[in-house]
Amino acid sequence: MAPPHEKRPSTHWLQGLGGAQRYMGLGLQAGATVAFYVGGGLLLDRWLGSMPWLTLTGSIVGLVALFALFFRVNAQLTREHNEREKTPRPS
């Protein structure tokens with residue numbers, strides 16, 4: 001039991017946090033996606049001595065992958081929203 005001076009989180013806040021939990025790591029995932037492709041391009045450039053072409057190519061591929069990630073998440077959110085709108089709400 002919580003001491004009387006400590007307030008327990010409201011259930012609305014906990015429900016919102018549970019709904020947002022899937023998307024909280026999206027920023028980290030976006031950064032890791034771009035860093036992977038840029039880092040891979042940089043390593044290949046250093047190995048092959050073709051500076052800066054593979055780094056630039058990795059940057060472009062990383063940005064394309066980032067936009068694909070955002071479009072996929074947006075499509076999932078839209079699909080979930082449309083499904084919620086179709087279900088009848090209790091009166």
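1. Before anything else, a word on naming: helices (H or I, at least four residues) and strands (E, at least two) are DSSP runs, numbered from the N terminus. By that rule, proline 52 lies in the loop between α2 (26–48) and α3 (53–86). Keep in mind that this is a predicted model, where local features need pLDDT of at least 70, side-chain atom pairs count only at pLDDT 80 or more, and totals for chains, interfaces and linings use all residues. Residues are numbered from 1 along each chain as its sequence is written, and side-chain values use heavy atoms, with hydrogens and water left out.

2. Now the overall layout. The protein chain has three helices and zero strands, so reading along the sequence gives α-α-α. Of the 91 residues in the protein chain, 13% are buried (under 20% relative accessible area; exposed is over 50%, partly exposed in between, with a 1.4 Å probe and protein chains only).

3. Methionine 51 and proline 52 are joined by a cis peptide bond, with omega at about -5°. For background, most peptide bonds are trans.

4. How do α2 and α3 pack? Their angle is about 160°, and their axes are 8 Å apart (axes are lines fitted to C-alpha atoms, for helices over the stretch in contact, and angles run from 0 to 180 degrees between N-to-C directions). The two helices are therefore roughly antiparallel to each other, the word used for angles over 145 degrees.

5. Next, the largest nonpolar core, which has six residues: Tyr23, Leu26, Ala30, Leu66, Leu69 and Val73. Such a core is a set of buried Ala, Val, Leu, Ile, Met, Phe, Trp, Tyr and Cys residues joined through side-chain atoms within 4.5 Å. Both α2 and α3 supply at least two residues of this core each, and α3 gives the most, with three. Leaving aside neighbours within four places in sequence, valine 73 is in contact (heavy atoms within 4.5 Å) with Tyr23 and Leu26.

6. Finally, have a look at threonine 33 in helix α2. Is threonine 33 buried or exposed? Threonine 33 counts as buried because its relative accessibility is 18%. The side chain of threonine 33 reaches the backbone oxygen of glutamine 29 at 2.8 Å. Setting aside neighbours within four places in sequence, threonine 33 also has contacts with Gly62, Ala65 and Leu66.

Methods
Polar contact = N/O pair within 3.5 Å; in protein donor to acceptor, adjacent residues only side chain to side chain. Parallel < 35°, antiparallel > 145°, perpendicular 65-115°, else oblique.
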